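My notes follow as numbered points, beginning with a word on how the elements are assigned.

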Amino acid sequence: MIAPPLRLQLVKSMAILALLLVVSTAVALAIGRQPIEFSKLLADPFSRTLFFRLRLPRVLMGLVIGASLALTGGALQALFRNPLADPYTLGVSGGGALGASLAIALGWSARILGVPLVFVAAFCGAMLAVSVVRAIAGTGALVLPGALLLSGVVVNLISAAAVLTVQYLADPNSALRILRWMVGSLDVVGLQPIGQMLLLLVPGWIALLAFSRQLHLLAIDEDTAATLGVNVARCESAVHALCSLIIGVAAATGGSIGFVGLIVPHAVRMMFGEDLRIVLPGSFLLGGAFLVLADALARTILPSGELPVGAITGLLGGPAFLWLLRRRQSYAVL
Amino acid sequence: MKPLFEAEHLAYRYPQGALAVRDISLGVSTASLTAIIGANGSGKSTLIRMLAGLLRPASGRILLDGTPLEKWQPRMRAREIAYMPQATAAAFPFHALDVVLSGRTPHTGAWSLEGAGDRERAMGALESVGAAHLADRAVTSLSGGERQMVVLARALAQEPRLLLLDEPAASLDLNHRAGLMRTLVRFRERRGLAVVMITHDLQLTGSLFDRIVALRGGEVAAQGRPEDVLQSAVLSDVFGEPNVRAQRVGSQTLVWIEA
């Protein structure tokens, strides 16, 4: 059957995924170790504090980070024409984490133009990782799919080792902070840190989504995209920088949470087709919903204490990666 | 008549420094079929990629409607020139129709989506290459030849005035090869399409093309009407093969290798 026109498909997919996001957010806000009586939310100071200082920020953090990782995952897959690319497998998250951990260890609490230095360091780390991976995998015009993923994995390993070293050398207080987000945590108190992130993320999201059509054409074929009027070099640099920014900020606050950027865009593809103008905004919405739910699960699955959300996404995403790898063998990459 | 498209003294230098192509000049007029022939490594693909604007010439210039190629706004240029690469990788299972629809990009606004009219034209392009039945197939599941037809339909959906083809017939069987040539001839007659096509099929060039450009070692060894270029002496020189023979039979030229 021939797919319905794009406009219809776009409206339908966005409506379904937005609804899913709203429902997941509501569910995640409702459940938690400590029950909240929503009828008394405004009257009872305890409930109010619990909800507005802890529960709501935590859920919003999941939404923001999940949406960021999935959006960049979809964009990186198109950019490198590689269905297995994502911030994690390309080493971008690792690079961001290394930058952030250096900043934490060195006790940089300063801001540049209101932007926390940790974000700047994470952005630089992420940017460096992408550049290294690209330089190794790229031979002129061609980016070798296998080399891309291998170098991404190695950059991630090097980053992880470097983070461990930094953590070992840092003072105990910083070391604990580094450890906490290394496993990927969405712990946050109050709404202020989220506001800080959004200041950078919202422009980044909008700018990246604006490249949807160019990325769609690039995903089909690079040469063809160029002859259809896409400025390939400029598009690639812009998407690199935007992904590094978004992942850097996400990694600096949420640590490295694996595989969200890999599996969410594929789920959107399976539901609504390959068009990047649907896959990118769709991944944004579904990524938010997915991480919010994964985190709700992480918060409540153990009888006491909570599981890091990175463990849940890793346990779901790892097998999904292997499944894609197997399916990819039937993809013809000439 | 002033040609639609002109290349003047083109040269291309590899990043390593060697010249791949030197001093190539050619003109392409509306409603014409031009074949580029030559041995492997003679610079055919480099030349056509320069003409498509994918490679920047080291010297010389390319004019479209009398205006240098780089002065054209990319989107406007894409309405005039379409390019079909030798082989396309397919990393994602896009539907064939989606691939063809991407050819409509230069004709849709920067922030608008392809509409019903674009879909009709895309389907029409698929039909014109005899590949309408592939519309909802994933390009990753197509054979090399089928994918070539889809990519050709994408280039036709672009509705260009000039079509640059890099060995489109390479993985096509006899039937599809004939279909391809019929399509190109029809577009030349009805739409005034100008085609520049790299091919190794000399037999094909003898009867259907208006002009042949033969490259040797990155230079034009011969160019002109098929009956002038398809001569035993010229072909022996172009391919460095002393035993190649060509003979005019009616409106056709037979080319063969003498054992």
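1. Helices (H or I, at least four residues) and strands (E, at least two) are taken here as DSSP runs, numbered from the N terminus. On that basis chain B has nine helices and twelve strands, while chain A has 13 helices and four strands.

2. A word on provenance: this is a predicted model, in which local features need pLDDT of at least 70, side-chain atom pairs count only at pLDDT 80 or more, and totals for chains, interfaces and linings use all residues. Residues are numbered from 1 along each chain as its sequence is written, and chains are lettered from A and ligands numbered from 1 in the order in which they are written.

3. On overall dimensions, the C-alpha trace of chain A spans about 60 × 50 × 40 Å along its principal axes, and that of chain B about 55 × 40 × 40 Å. The radius of gyration is taken over C-alpha atoms, and the globule rule is 2.2 Å times the number of residues to the power 0.38. For the 334 residues of chain A, a compact globule would come out near 20 Å, and chain A agrees with its 20 Å. Chain B agrees too: its radius is 18 Å, and a compact globule of 259 residues would have one near 18 Å.

4. Next, burial. A residue is called buried if 20 or more other C-beta atoms lie within 10 Å of its own, exposed if 12 or fewer, and partly exposed in between, with C-beta atoms placed from the backbone. Buried residues are 51% of the 334 in chain A and 45% of the 259 in chain B.

5. For contacts, two residues qualify if their C-beta atoms, placed from the backbone, lie within 7 Å. Among contacts with a separation of 6 or more, residues 24 or more positions apart account for 77% in chain A and for 64% in chain B.

6. Now the interface: how many residues of each chain are in contact with the other? There are 26 from chain A and 32 from chain B. On the chain A side, helix 1 (6-30), helix 8 (212-220) and helix 9 (222-227) each supply at least two residues, and helix 9 gives the most, with four. For classes, Ala, Val, Leu, Ile, Met, Phe, Trp, Tyr, Cys and Pro count as nonpolar, Asp, Glu, Lys and Arg as charged, and the others, Gly among them, as polar. The side of chain A that touches chain B then has 15 nonpolar, five polar and six charged residues.

7. Axes are lines fitted to C-alpha atoms, for helices over the stretch in contact, and angles run from 0 to 180 degrees between N-to-C directions. Helix 4 (residues 117-137) of chain A packs on helix 10 (residues 232-254) of chain A at about 130°, with the axes 7 Å apart. That angle makes helix 4 of chain A oblique to helix 10 of chain A; angles under 35 degrees count as roughly parallel, over 145 as roughly antiparallel, 65 to 115 as roughly perpendicular and the rest as oblique. Residues meeting here include Phe119(A), Gly125(A) and Val130(A) from helix 4 of chain A, and His240(A), Ser244(A) and Ala251(A) from helix 10 of chain A. This contact has 13 nonpolar, four polar and no charged residues.

8. The other pair is helix 1 of chain A with helix 2 of chain A, whose axes come within 9 Å and cross at roughly 145°. Thr25(A), Ala28(A) and Leu29(A) of helix 1 meet Arg55(A), Leu56(A), Val59(A) and Leu63(A) of helix 2. By class that gives five nonpolar, one polar and one charged residues.

9. Two loop residues of chain A also deserve a look. Ile31(A) lies between helix 1 and helix 2 (45-79) and counts as partly exposed, with 14 C-beta neighbours inside 10 Å. Beyond its neighbours within four places in sequence, Ile31(A) is in contact with Ala296(A) and Thr300(A). Leu302(A), in the loop between helix 12 (276-300) and helix 13 (309-328), is exposed, with 10 C-beta neighbours inside 10 Å. Leu302(A) and Arg33(A) are 269 residues apart in sequence, yet their C-alpha atoms are 9.9 Å apart.

10. Finally, please check two backbone angles in chain B. His9(B), in strand 1 (residues 5-13), has a positive phi of about 50° although it is not a glycine. Asp23(B), in strand 2 (residues 19-28), is another non-glycine residue with a positive phi, near 45°. Is each of them buried, partly exposed or exposed? His9(B) is exposed, with 12 other C-beta atoms within 10 Å, and Asp23(B) is partly exposed, with 14.
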